[in-house]
Structure formats: structure tokens, C-alpha cells
Amino acid sequence: MSQTHTHHQPFDPLERISGQLDCGVLFLCDHASNSLPENYGYLGLDPAQFQRHIAYDIGAAAVTRELARLFSAPALLTRFSRLLIDPNRGADDPTLVMQLSDGAIIPGNARIDAAEIAARTDLYWRPYRDTTREMIDQMIAKGPVPAIIGIHSFTPIWKDRPRPWEIGILWDSDPRLAQPSLASLRRDGTLTIGDNEPYDGALEGDTMYEHGTKRGLAHMLIEIRQDLIDNPQKARDWAERLAPALREVLAAPQTHQIEFYQSRAHGRARFAKGPLT
């Protein structure tokens with residue numbers, strides 16, 4: 001028996017923050033929201049599960065909005081839970097629609113068929129990809145070439161093991177944003193910083209691969225530990241903490257050039273980045 005849904009309620013899958021097209025940076029938040037279109041209910045889960053990291057990246061949206069404000073930059077944030085469909089996965093990734101997430105079976109996804117996956121892809125996943133591509137096109141046309149920065153958050157504990165990092169910089173092969181950002185953050189002296197920790201930034205088909213690696217745009221993904229940004233004030237504080245390092249990096253001319261780097265993602269295991277970010 002397959003799980004099917006009717007798709008008739010109006011639901012805008014994206015939050016769009018307008019900014020200056022010539023500011024040189026676009027902020028993206030793949031897992032900004034724990035919301036679902038009304039017709040999906042809670043996918044058969046206890047509603048409390050949607051307050052957990054399995055449904056969204058806690059605090060990431062607030063950090064993204066504040067960074068967009070500080071840089072007068074455009075930003076795009078998803079308005080649907082990753083449990084509906086994961087906008088940071090490639091269209092053919094087996095984890096595009098999760099059936100099991102950190103010990104929680106997702107009943108509404110358990111018997112999902114190809115038609116339902118296609119419908120969710122068209123209604124929610126593809127608009128995020130298409131709108132991001134269109135925004136990048138507009139920014140390139142205006143100049144300078146934008147850098148792409150994704151904002152995620154990660155759990156303090158994973159599989160009973162505490163994670164020591166406060167922040168991680170995830171990247172593939174393009175060092176233009178990641179390396180100077182790591183160097184700048186390390187000057188703080190008080191932070192434990194992950195270099196491709198707690199995940200590896202090379203994942204074929206993900207958001208950074210699609211909009212950064214394939215287009216030759218400088219890019220990186222910033223992961224912040226969720227307990228550090230789990231209320232609005234803490235999220236704003238972290239955005240302000242990041243801003244000087246990002247300003248320094250974005251001032252470099254090479255950040256705004258189109259340069260192609262050979263991805264490390266080719267031929268690597270699908271799950272190298274882990275089931276959740």
C-alpha cells in the first residue's frame with residue numbers, strides 16, 4: 001500500500017529575504033523550518049518530534065536572517081521540514097525522503113511511492129533549487145560574482161557521544177572561503193572549530209555542490225552547535241560573532257571570481273556526510 005496525499009492547499013515553500021544584489025554574498029538555509037503543509041499533518045509522528053533536530057536545524061534560520069541583515073544580503077530559507085523532503089540532498093539521493101531518522105520511524109514516509117516522491121520534489125524541493133539558481137543569476141548579472149554560504153546546525157550529542165566543536169566549516173575542494181574563515185575563527189582562541197567536522201562537506205548533489213562546485217562559485221557550509229543558538233538572542237550573538245570573519249573573507253577579490261575545482265565527492269559513499277546535519 002502506498003502513501004498518497006492530495007496537493008491542494010497553498011503553501012509557499014520558500015522564505016525570501018531581499019537584499020542588495022551587488023553585496024557579494026547569498027545566504028542559504030536548507031533546514032530552516034519544522035513546518036509541514038497542512039495536508040501532511042505530522043507524517044504520523046508525535047508532534048513533539050518536530051521540536052527535535054530530525055525535523056529542522058535548530059537556530060539556523062535565526063542566524064541566517066541576522067547575517068542577511070548585517071550584510072544587506074539576499075537569503076533563501078526553506079519553509080518545510082526536512083522530514084517532508086530534504087532540500088540539501090540530490091534528486092537521486094536515497095535519503096531524499098527519510099523513512100528512519102535518529103531512531104524515529106516516519107510513518108508518513110514508510111510506504112512512500114515514486115509518484116509521491118515526485119510530487120514532493122516538484123512542489124517543495126525543486127522550487128528551492130530553481131529560485132536559488134535564479135537569484136545567483138541575478139547577482140552575477142549585477143556583479144560582483146556572489147559567494148554562497150549555507151547555514152546549518154548540529155546536535156551537541158550524536159549516538160551518545162558529545163561533540164566538542166562549537167562550529168564547523170564544511171567544504172569540498174574550493175578553499176577560497178573555508179581556509180581563511182578557519183584561520184580567522186582560530187584567532188579567537190576560545191573555540192573548538194571543526195574542519196569538515198562533524199561532517200564532510202563533499203556530497204555530490206547537495207546544495208553547495210549544485211550551486212557552488214558546479215558553477216565555480218566560492219562557497220562553504222557553516223555548522224553551529226544547536227545548544228549555542230537555540231534562542232533568538234543566542235542566534236543573533238553568533239551571527240555577530242561570525243560577521244567580522246566573513247567580512248574579511250568576502251573582501252578578498254578571489255572570492256568573487258568563477259573558478260572550478262575538482263570535487264572530492266565523485267565516487268565517495270553517499271552517506272559520508274551522515275544522515276543528519
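In which hand does α4 pass α6, right or left? Good morning. Before I answer, please note that the model on display is predicted.

Let me begin with the two helices. Helix α4 covers residues 178-186, and helix α6 covers residues 232-250. Their axes lie 9 Å apart, and the helices pack at an angle of about 140 degrees. That angle makes α4 oblique to α6. As for the opening question, the crossing of α4 past α6 is right-handed.

Which residues of the two helices meet? On the side of α4, they are P180, S181, S184 and L185. On the side of α6, they are L242, A245, L246, E248 and V249. Sorted by class, this contact of α4 with α6 holds six nonpolar residues, two polar residues and one charged residue.

I turn now to the aromatic rings. The count of aromatic pairs comes to four. One of them joins F11 and Y124 in an edge-to-face arrangement, with 5.9 Å from centre to centre and 80 degrees between the planes. This pair links distant parts of the chain, since F11 and Y124 are 113 residues apart. F11 sits in the segment before β1 (14-17), whereas Y124 belongs to helix α3, residues 114-142.

Is Y124 buried or exposed? The relative accessible area of Y124 is 4%, and because buried means under 20%, Y124 counts as buried.

Thank you for your attention.

Conventions: Residues numbered from 1 in each chain as written. Predicted model: local features only at pLDDT ≥ 70, side-chain atom pairs only at ≥ 80, totals over all residues. Heavy atoms only, no water. Axes fitted to C-alpha atoms, helices over the stretch in contact; angles between N-to-C directions. Helix = DSSP H or I, 4+ residues; strand = E, 2+ residues; numbered from the N terminus. Parallel < 35°, antiparallel > 145°, perpendicular 65-115°, else oblique. Left-handed = near helix turned anticlockwise from the far one by under 90°. Contact = heavy atoms within 4.5 Å. Nonpolar A, V, L, I, M, F, W, Y, C, P; charged D, E, K, R; others polar. Phe/Tyr/Trp six-rings, centres within 6.5 Å; stacked < 30°, edge-to-face > 60°. Buried < 20%, exposed > 50% of the residue type's maximum accessible area, 1.4 Å probe, protein only.
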